[in-house]
Amino acid sequence: MDAATLEAERPYLRGVAYRLLGSVHDADDAVQEAMVRASAVTDVRSARALLTTIVTRLCLDELRSARRRRVRYVGPWLPEPWPDDEIASSSTSSSSSTSSSPSSSPSWPSSSSSPAASTVDRLVQRDDVSMSLLVLLEALTPLERAAFVLREVLDEDFADIAVAVDRTEPACRKVLQRARAKVRARQGPHVIAYADTHAATVTAFVMALASGDIDAVVRCLTDDVVVVTDHAGKVTAARKDVVGKDHVARLFLGLTKKSAEDPRRSATLAWKNGALALVSFVGDAADTVVTFDVVIVDGAPRVRRLWNQRNPDKL
């Protein structure tokens, strides 16, 4: 396979590998190895199909190895944030994205109502790299995750999935059924907010923090809201999950006040993983990326999960 063909498929393959692994660094390694292996193949009907198969099998090996390594990981493990300016080039169909540059001034549509929809179907929209989905995928076995991503996110045919994971088509259908059931069970009964509602809710939360009004902050949160922090033992951070809207509100109000008192620190809204996120900086270096899970409770959007990425290796 010639170099030009390989390079043309690199953005798509990075998207596949990232969805499977939740790590930009590991995704790049898998894609590069797939390129090397595919370069030796001369008789190819579909370059994308071949490369997808190779990178999927490499990712399956990495997922199995990562499960063993994470036993020694300090604290919770969260996926690495993915900049939206890379989502468009890695997607399977055209979509718009907003720059995630620290200096950008993001804009978003106004909030709209979110009618009930299938939990899995709402969560898994085409080209989805949402943090909500990636966190849920961590509960799946490597084979379940591969089948789920290839079918539900990337819309691959079962025949191609069977080749990629080295299973029969009926076996892949059963694996996918188990994966969907696990995702649905972990997500729970809440309806996932649409993108515009998600952005408006995150914006309201950040504005409430800026105002210092704890009641306004609390109103943005569900009763069972949880903050999960990935720190890997390398930075100062909450060592346990912070649970409950009062505790979460006080935590973020305290962090906001501390940041305002330090001239080196700044924060901005930016687009990560297809959604609005809060990014804080120390000087020019990203210090924290907070991504949000927004659900509809009694007809109103609320933040249910805040994923606090502080591991410097993932920033």
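Student: Before that, what kind of model is it, and how are residues numbered?

Tutor: This is a predicted model, where local features need pLDDT of at least 70, side-chain atom pairs count only at pLDDT 80 or more, and totals for chains, interfaces and linings use all residues. Residues are numbered from 1 along each chain as its sequence is written, and side-chain values use heavy atoms, with hydrogens and water left out.

Student: How many helices and strands in the protein chain?

Tutor: Twelve helices and seven strands; these are DSSP runs numbered from the N terminus, helices being H or I with at least four residues and strands E with at least two.

Student: And how much of the protein chain is buried?

Tutor: Buried residues are 51% of the 315. Buried means under 20% relative accessible area, with a 1.4 Å probe and protein chains only.

Student: At what angle do α1 and α3 cross?

Tutor: Roughly 35°, and the axes of α1 (residues 3-21) and α3 (residues 47-69) come within 10 Å. Axes are lines fitted to C-alpha atoms, for helices over the stretch in contact, and angles run from 0 to 180 degrees between N-to-C directions.

Student: Which residues make that contact?

Tutor: Among them are Leu6, Leu13 and Val16 of α1, and Leu51, Val55 and Cys59 of α3. Contact means heavy atoms within 4.5 Å. The residues divide into twelve nonpolar, three polar and three charged. Nonpolar is Ala, Val, Leu, Ile, Met, Phe, Trp, Tyr, Cys and Pro; charged is Asp, Glu, Lys and Arg; the others, Gly among them, are polar.

Student: What covers the buried residues of α3?

Tutor: The cover includes α1, α2 (24-38), α7 (142-153) and α8 (158-165). Leu51, Val55 and Cys59 are among the buried residues of α3.

Student: Now α2. Which of its residues are buried?

Tutor: Val24, Ala27, Ala30, Val31, Ala34, Met35 and Ala38. Seen down the axis of α2, they fall within an arc of 140°, so they line one face of the helix. The arc is that of the directions from the helix axis to the C-beta atoms.

Student: What does that face pack against?

Tutor: The buried residues of α2 pack against α1 and α3.

Note on methods
Buried means under 20% relative accessible area, exposed over 50%, partly exposed in between (1.4 Å probe, protein chains only).
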